[in-house]
Amino acid sequence: MGRFFKSSIGRKYAMALSAFFLMFFLLQHFAINILSVFSPDAFNEASHFMGTFWAVQYVLQPILIFGVVYHFVMGFILEAKNRGARVKKYAKNNGAANSSWMSRNMIYSGLAILAFLVLHFIDFWIPEINTKYIQGDMSGLLGDGDGFRYYEELVHKFVNPLRVGAYVAAFIFLSLHLMHGFSSAFQSAGATSMRKEKLQLFGKAYAILIPLGFIFIALFHHFNH
Amino acid sequence: MNLTLKIWRQPNAQTKGKMVDYKVTEISEHMSFLEMMDVLNEQLINKGEEPVAFDHDCREGICGMCSMFINGEAHGPDRGVTTCQLHMRMFKDGDTITIEPFRAKAFPVIKDLVVDRSSFDRIQHAGGYISVNTSGNTQDANAIPISKHAADEAMDAATCIGCGACVASCKNASAMLFVGAKVSQYALLPQGRIEAVDRVKNMVAQMDLEGFGNCSNTGACEIECPKGISLENIARMNREYLMANVKD
């Protein structure tokens, strides 16, 4: 199977598999974050569970990091190879006549998402790792010990309008990436049912509703606190 | 109609090319695009200039020889046709038409608008066939029942004329629609199943070796294909390739 993943089709499968994992992760991330709108307590409980449960921390989190890094690195490698497959560009190329803007610009929407992830890691992931694994505080409690810290930290991040703006812009790029990426992953994985309207429709709904939900969460906390 | 043509001129594979402007007059809207090119070449020959080299053969849309990237699209703006079946009625009087060769590292320019598509031949040689051994007791192909659905799908895949419009249109210069069609054509039929594992592995290996890009599922190939070869063939090739590697 080593040769398989070095082949063009093997890499398509690998990109699709990492995409499936990332899309599933995105769904569960949204499911937990939306709790912050309806119930801060439920959000705190879910965050504490995800942040301290061993299977999440030591199994799923490393898989997630590998998935993210692999998807980006392989995306860049494939883009470089693909550009090399046409050394001389066309003087006139009417790409809009036969394909969507989203499908032709996955590298740019991907780069925007990567830039967002850097900000997101600085905002949440690095402080979280610092608190838990460097300072050794696994309690999940606020400094004064008065309840969990997760909801407070989340709300605090969405005070700055510039950060909220960056998050909204990033989720628009995420939506554009998913608009092509969702169906593309199924096509790469060899799915025949992708031709059927229902799955196409589900992909479009996912690509719009999930990023829109994240935008709603960011705006909700910005305007309510 | 009177037209301005911007055409890629390149004397040979070693020399750098450039876009050159030409004027053609009194072009009938009923002419095919290649007939318009013939008119231009007659003008050039009469003036003592080198005519524009372009590929053509049957001029009835079945040989896959004519190519040309016209106004940013393989075989021009019409759908489901090759350049020989593209008619000048698709353009307006006074239009400027940009004409370039199919561009891909695996399709090097030989001269002007003529490209070397022998990479497709080498992919076909790697597995795009069935071995019919005449042992004396070979079963008549017509005696093996095939479902109507499979027969139709195999026939649809077999309509690929190997023109290379898929490669030319793909932003990655990927040949996966072509290879997908050739793999599918045999994978769907019992006669093709015998060598299915080796076929898909060898054809994909040759495709990668030729320097084509990776498919990113934009669907441009399917839209520009003069024979309407479906993306479903790429999905089928992917499944065939996965299963071939799992079986190893």
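Is A:L162 buried or exposed? At 71% relative accessibility, A:L162 counts as exposed, where the classes are buried for under 20% relative accessible area, exposed for over 50% and partly exposed in between, with a 1.4 Å probe and protein chains only.

## Basis of the model

This is a predicted model, in which local features need pLDDT of at least 70 and side-chain atom pairs count only at pLDDT 80 or more, while totals for chains, interfaces and linings use all residues. Residues are numbered from 1 along each chain as its sequence is written, chains are lettered from A and ligands numbered from 1 in the order in which they are written, and side-chain values use heavy atoms, with hydrogens and water left out.

## Chain A as a whole

Chain A has nine helices and zero strands, both being DSSP runs numbered from the N terminus (helices: H or I, at least four residues; strands: E, at least two). Along the sequence, the pattern of chain A is accordingly written α-α-α-α-α-α-α-α-α. Taken along the principal axes, the C-alpha atoms of chain A fill a box of roughly 65 × 40 × 35 Å.

Of the 225 residues in chain A, 46% are buried. Among contacts in chain A with a separation of 6 or more, 75% join residues 24 or more positions apart; a contact means heavy atoms within 4.5 Å.

## Helices α1 and α4 of chain A

Helix α1 (residues 8–33) and helix α4 (residues 54–84) of chain A cross at roughly 135 degrees, and their axes come within 9 Å. Axes are lines fitted to C-alpha atoms, for helices over the stretch in contact, and angles run from 0 to 180 degrees between N-to-C directions.

Residues making the contact include A:A14, A:F21 and A:F25 of α1(A), together with A:G67, A:H71 and A:L78 of α4(A). By class, the contact of α1(A) with α4(A) comprises 13 nonpolar, four polar and two charged residues. Here Ala, Val, Leu, Ile, Met, Phe, Trp, Tyr, Cys and Pro count as nonpolar, Asp, Glu, Lys and Arg as charged, and the others, Gly among them, as polar.

## Individual residues of chain A

A:F43 lies in helix α3 (residues 40–52) of chain A and counts as buried at 5% relative accessibility. Leaving aside neighbours within four places in sequence, A:F43 is in contact with A:I32, A:N33, A:L35, A:S36, A:Y150, A:Y151 and A:L154. A:F43 and A:L142 are 99 residues apart in sequence and 15 Å apart in space, C-alpha to C-alpha.

The exposed A:L162 belongs to helix α8 (residues 161–188) of chain A. From A:L162 to A:I215 the separation is 53 residues in sequence and 14 Å in space, C-alpha to C-alpha.

## Aromatic pairs

Over all chains, a search of the whole structure finds 28 aromatic pairs. Rings of Phe, Tyr and Trp (its six-membered ring) pair if their centres lie within 6.5 Å; planes under 30 degrees apart count as stacked, over 60 as edge-to-face and the rest as tilted. A:F53 and A:W54 form a tilted pair, with 5.9 Å centre to centre and 50 degrees between the planes. A:F53 is partly exposed, at a relative accessible area of 33%, whereas A:W54 counts as exposed at 54% relative accessibility.

Ring pairs also link A:F30, A:F116, A:F158, A:Y167, A:F171 and A:F214 into a cluster.

## Features of chain B

Helix α2 (residues 118–125) and helix α7 (residues 196–210) of chain B pack at an angle of about 155 degrees, with their axes 8 Å apart. This angle makes α2(B) roughly antiparallel to α7(B), and the crossing is right-handed. The contact is made by B:S119, B:R122, B:I123 and B:Q124 of α2(B) and B:M203, B:Q206, B:M207 and B:E210 of α7(B). These residues divide into three nonpolar, three polar and two charged.

B:E26 is found between β2 (18–24) and α1 (33–46) of chain B and counts as exposed at 70% relative accessibility. B:M68 lies between α1 and β3 (69–70) of chain B and is buried, with a relative accessible area of 1%.

Methods: Angles under 35 degrees count as roughly parallel, over 145 as roughly antiparallel, 65 to 115 as roughly perpendicular and the rest as oblique. A crossing is left-handed if the near helix is turned anticlockwise from the far one by less than a right angle, and right-handed if clockwise.
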